[in-house]
Amino acid sequence: MPPRASKRKANPTKSAPVKSLKVDSVRSASSKGKVVSKVTQSIDNLFSLYANQSLGSIDPDGVEALCSDLGVDHTDVRILMLAWKMKAKKQGYFSQDEWHLGLKGLQADSITKLKKALPKLEAEVMMPANFEDFYTFAFRYCLTEDKQKCLDIDSICILIDLILGSQFRAQVDSFTEYLKSQTDYKVLNMDQWTNFLRFCQEISFPDLKDYDTDQAWPVVLDNFVDWVKEKRS
């Protein structure tokens, strides 16, 4: 007797999981898209709250309002850090793209979250890998005129104190005193600016025992070292 033909249907075990995986993948992507869209919308809404609608950007008045809501002064170094995070190009202004970049990077889509993110931002900036970039950014950010390459002495003194005062108080106090008392320099350039950071990081102060004038230091720092030594003697 020939064997009976099986009445069982073929088991579709190979195709069903593939179809299920595709459906789950589509659902997951759709869900993530909705979350991203919601976050983006929240960031946009926050931008609109502070933006000058005629300019399409946040202007100095908007920045002041933002600072008020964050509970910080507009001269607080953390606002400069926020500008660095946004890669802002113009002092006192944030474009919508810059706003998006900064707030997405901080995972902040509300004032409450942004306020909580400030200590994290400060820690990020103070990392050695980031601090030098922030330091040079601060100088460029304060160049407000086209083709401007230097900052006046008053601005330099304010900026150095804001950025380096907490780390290198003695050096900053002494250097700003020297800058305000000398008459040879009315402005400083980027090279002089960045070398002062190097000076703070590498040179023992106030004894200056490892300062070598034969090294490639800007003349303004040679003069500063002479001034410190004369004042001490």
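Modeller: Before we start, contact here means heavy atoms within 4.5 Å, and with that in mind Ile-163 is in contact with Leu-80, Phe-131, Phe-134, Tyr-135, Ala-138 and Trp-193, leaving aside its neighbours within four places in sequence.

Biologist: What kind of model is this?

Modeller: This is a predicted model, in which local features need pLDDT of at least 70 and side-chain atom pairs count only at pLDDT 80 or more, while totals for chains, interfaces and linings use all residues. Residues are numbered from 1 along each chain as its sequence is written, and side-chain values use heavy atoms, with hydrogens and water left out.

Biologist: How many helices and strands are there?

Modeller: The protein has ten helices and four strands, where helices (H or I, at least four residues) and strands (E, at least two) are DSSP runs numbered from the N terminus. Along the sequence they follow the pattern α-β-α-α-β-α-α-α-β-α-α-β-α-α.

Biologist: And how much of the protein is buried?

Modeller: Of its 233 residues, 39% count as buried, which stands for under 20% relative accessible area, with exposed meaning over 50% and partly exposed in between (1.4 Å probe, protein chains only). As for contacts between residues at least 6 apart in sequence, 63% of them join residues at least 24 apart.

Biologist: Which residues of the largest nonpolar core touch the most other members?

Modeller: That core has 70 residues, and those touching the most other members are Phe-94, Trp-99, Ile-163, Leu-164, Phe-196 and Phe-199; a nonpolar core is a set of buried Ala, Val, Leu, Ile, Met, Phe, Trp, Tyr and Cys residues joined through side-chain atoms within 4.5 Å. Helix α3 (residues 77–86) gives the most to this core, with eight residues. The core also draws at least three residues from each of domain 1 (33–126) and domain 2 (132–231), with bounds that come from an automatic or database domain assignment.

Biologist: Since you mention α3, at what angle do α3 and α5 cross?

Modeller: Their axes come within 10 Å and cross at roughly 80°, the axes being lines fitted to C-alpha atoms, for helices over the stretch in contact, with angles from 0 to 180 degrees between N-to-C directions. That makes α3 roughly perpendicular to α5, given that angles under 35 degrees count as roughly parallel, over 145 as roughly antiparallel, 65 to 115 as roughly perpendicular and the rest as oblique. On the α3 side Arg-78, Met-81, Leu-82, Trp-84 and Lys-85 take part, and they meet α5 residues including Leu-114, Leu-118 and Leu-121.

Biologist: How do α3 and α4 cross?

Modeller: The axes of α3 and α4 come within 7 Å and cross at roughly 105°, so this pair is roughly perpendicular as well. Leu-82, Lys-85 and Met-86 of α3 make that contact with α4 residues, among them Trp-99, Leu-103 and Leu-106.

Biologist: What about α5 and α6?

Modeller: α5 and helix α6 (residues 128–141) pack at an angle of about 90° with their axes 5 Å apart, and they are therefore roughly perpendicular to each other. There, Glu-124, Val-125 and Met-126 in α5 meet Pro-128, Asn-130, Phe-131 and Phe-134 in α6.

Biologist: Is Leu-208 buried or exposed?

Modeller: Leu-208 counts as buried because its relative accessibility is 3%. Gln-107 likewise has a positive phi, near 55°, in a residue other than glycine, but Gln-107 counts as exposed at 63% relative accessibility and lies in the loop between α4 (96–106) and α5 (111–126).

Biologist: Which residues does Gln-171 touch?

Modeller: Not counting residues up to four places away in sequence, Gln-171 touches Phe-196, Phe-199, Cys-200, Phe-205 and Phe-224. Gln-171 is placed in helix α8 and counts as buried at 11% relative accessibility.
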